[in-house]
Amino acid sequence: MSILATIKDHSGRIYRGIQALLLLSIGAAALGAFDISRNLPSGGAFAVSILATGLALLALMYMRSSVVHRLHSAAAAEAEKHHFLTRDVMTGAMTRRYFLEALRGGLGTLRDRREATLLLIDVDHFKQLNDTFGHQFGDLALVHLVKTSERVFADGMVGRLGGDEFGVIIPHGDLAAINNDIRQLLDTMRAGKSHEGKTIPLSISVGVALAPAHASNTAELMLVADLALYESKAAGRGRVTVFDEEMLSDKRYRRLVERELRAAVYLGELELHYQPIVNPDGSAYALEGLIRWRHPVRGLISPAEFIPIAERSTLIDMLGEWVFKRACADVGHFPGRRISINVSGEQLKRDEIVTMCDRVLRETGRSATQFIIEITETVATAATPETLRRLEALRGLGFHIALDDFGTGHCGFNYLKTLPIDSIKIDRSYIRSLAHDQVAQIFVSALAQIARIQDVTIVAEGVETQEEFVLARAAGCNRFQGYFFSRPAPRDKVAPLRSIDAEPLAQSA
């Protein structure tokens with residue numbers, strides 16, 4: 001109810017009572033005057049008039065006091081309502097709607113453009129913070145970020161735009177000063193937040209956009225600042241990036257590829273090529289399915305060009321489902337062999353990967369034991385408890401799990417004790433170096449010995465010569481893959497697979 005409505009509702013009856021008293025007072029006074037004109041006693045009428053007038057005055061004073069009180073109460077209620085609508089309850093930052101209104105006002109009009117700077121801030125690995133230290137600490141971290149931002153950017157306005165996403169509006173474009181303040185914010189967050197007797201370091205990524213230099217309206221400024229924020233996260237997080245025009249070109253290109261790739265799924269432009277994984281005697285154990293995009297204009301496009309773009313959206317889930325359905329349709333063409341498919345780390349961030357695989361298996365009547373799921377070493381080292389749980393669930397369905405590109409990152413031998421894997425694919429850089437690099441020889445041999453103890457299969461990737469094949473086998477590798485045996489090819493063009501009892505490959509160069 002509005003302030004006026006509140007006053008009207010409360011004071012209406014009193015106001016009507018005052019009117020009645022005043023009418024009574026006027027009537028009594030008129031009666032007294034009439035009596036005087038007729039030389040009659042008029043004291044009673046005048047007494048009633050005075051009494052009625054006095055009561056009316058008292059009622060007016062009460063009504064004034066009541067109205068003032070109601071005004072204060074209503075104003076306090078309106079202020080509380082305004083605060084609720086404009087301030088985030090938990091952090092005290094502006095709500096998204098009010099922040100965008102403030103940003104719109106801060107940019108000025110078409111005739112009067114004002115300088116302003118927009119910062120978009122994202123808490124790095126916030127979900128892991130919640131999972132590891134609890135949601136209470138996650139909330140404390142967000143409050144800490146807001147309070148620190150308000151202190152560092154004393155002339156700025158801080159708003160909460162999403163779960164762990166925040167914005168800061170700074171009413172000037174002094175980039176040097178702003179960069180210094182951002183560095184202070186980054187350092188303060190890295191210093192950490194105390195929790196249960198421990199200091200837990202925090203990391204944030206920041207994107208910066210200037211108005212009117214980079215954009216002149218709210219929507220465009222938010223877009224370019226978001227692009228800068230994305231670059232900060234893509235470059236390793238925990239840093240600040242200022243928008244430049246090249247990012248916009250990249251964004252347009254990504255949108256073009258996403259649009260065309262989405263259409264390619266429905267238009268049948270995708271293909272799955274297969275490369276055999278062989279046993280020491282040269283017989284095929286499995287085949288790796290490798291996605292290819294046959295563009296009607298640009299020809300065959302490598303997955304290295306479009307997979308990273310797909311991973312930036314849920315389009316990767318669509319591609320992953322297409323690959324698995326294609327593999328299910330083709331596995332019958334390779335009797336007795338498994339098909340190995342690559343699963344993106346982005347897919348493993350969501351439970352849909354498990355439900356999708358289970359659903360496709362039931363729809364196609366295939367068994368999970370006919371397939372191998374490959375994850376990269378980078379995915380393994382960054383695996384959260386949820387990721388490991390999904391891998392265990394996939395393994396529980398019957399899939400074999402392979403660790404791809406081992407040796408390219410920071411996945412030490414200790415990981416092999418805890419990761420739910422059945423095989424390890426050694427990166428091709430080590431296989432190529434076996435003939436002349438003693439470190440590569442020791443690495444492959446040591447890995448083969450550990451794998452033997454753990455009952456894990458070792459696959460040598462990128463075998464291109466007979467010498468590499470012989471050396472990899474001598475180092476203890478169980479299976480092999482590379483151009484020496486076969487290049488990736490469409491299903492119907494895969495070279496005839498050797499049977500297990502066929503003539504073994506030569507064992508010397």
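**From strand β14 through the chain**

Apart from residues within four places of it in sequence, S423 touches I401, A402, L403, V456 and T457, a contact being a pair of heavy atoms within 4.5 Å. The model is a predicted one, in which local features need pLDDT of at least 70 and side-chain atom pairs count only at pLDDT 80 or more, while totals for chains, interfaces and linings use all residues. Residues are numbered from 1 along each chain as its sequence is written, and side-chain values use heavy atoms, with hydrogens and water left out.

S423 belongs to strand β14, residues 423-426. Strands here are DSSP runs of E with at least two residues, helices are runs of H or I with at least four, and both are numbered from the N terminus. The relative accessible area of S423 is 12%, so this residue is buried. The classes are buried for under 20% relative accessible area, exposed for over 50% and partly exposed in between, with a 1.4 Å probe and protein chains only.

For the protein chain as a whole, the secondary structure consists of 17 helices and 17 strands. Of its 509 residues, 43% count as buried. Among contacts in the chain with a separation of 6 or more, 67% are between residues 24 or more positions apart.

Helix α10 covers residues 315-330. Its 16 residues should span 22 Å at 1.5 Å a residue, and the end C-alpha atoms are 23 Å apart, which agrees; the expected span is 1.5 Å times one less than the number of residues. The buried residues of α10 are L315, I316, L319, G320, E321, W322, V323, F324, A327, C328 and D330. An α-helix has 3.6 residues a turn, so residues three or four places apart point the same way.

Helix α8, residues 245-267, packs with α10: the two axes come within 11 Å and cross at roughly 25°. Axes are lines fitted to C-alpha atoms, for helices over the stretch in contact, and angles run from 0 to 180 degrees between N-to-C directions. At this angle α8 and α10 are roughly parallel to each other, given that angles under 35 degrees count as roughly parallel, over 145 as roughly antiparallel, 65 to 115 as roughly perpendicular and the rest as oblique. On the α8 side, E258, L261, R262, V265 and Y266 make the contact, and on the α10 side L315, M318, L319 and W322. The crossing of α8 and α10 is left-handed, that is, the near helix is turned anticlockwise from the far one by less than a right angle, clockwise being right-handed.

I353, V354, C357 and D358 of α11 meet R390, A393, L394 and L397 of α13.

The model has zero disulfides, a disulfide being a pair of cysteine sulfur atoms within 2.5 Å. C328 is in none, and the nearest cysteine sulfur to it, that of C357, is 8.3 Å away. C328 is buried, at 1% relative accessibility. C477 is buried as well, with a relative accessible area of 4%.

The C-alpha atom of C477 is 9.6 Å from that of N279, although 198 residues separate the two along the chain. N279 sits in the loop between β8 (270-278) and β9 (284-295). With a relative accessible area of 14%, N279 is buried. Beyond four places in sequence, its contacts are A284, Y285, N478, R479 and F480.

I450 lies in helix α16, residues 438-454, and is partly exposed at 24% relative accessible area. Its C-alpha atom is 8.6 Å from that of L416, 34 residues away in sequence.

Some backbone details remain. Most residues other than glycine have a negative phi, and most peptide bonds are trans. The peptide bond between A211 and P212 is cis, with omega about 5°; P212 is in the loop between β6 (204-211) and α7 (218-234). H125, not a glycine, has a positive phi of about 50°. H125 is in the loop between β1 (116-123) and α4 (126-133) and is partly exposed, with a relative accessible area of 44%. D405 also has a positive phi, near 60°, but is placed in strand β13, residues 400-406. D405 is partly exposed, at 26% relative accessible area.
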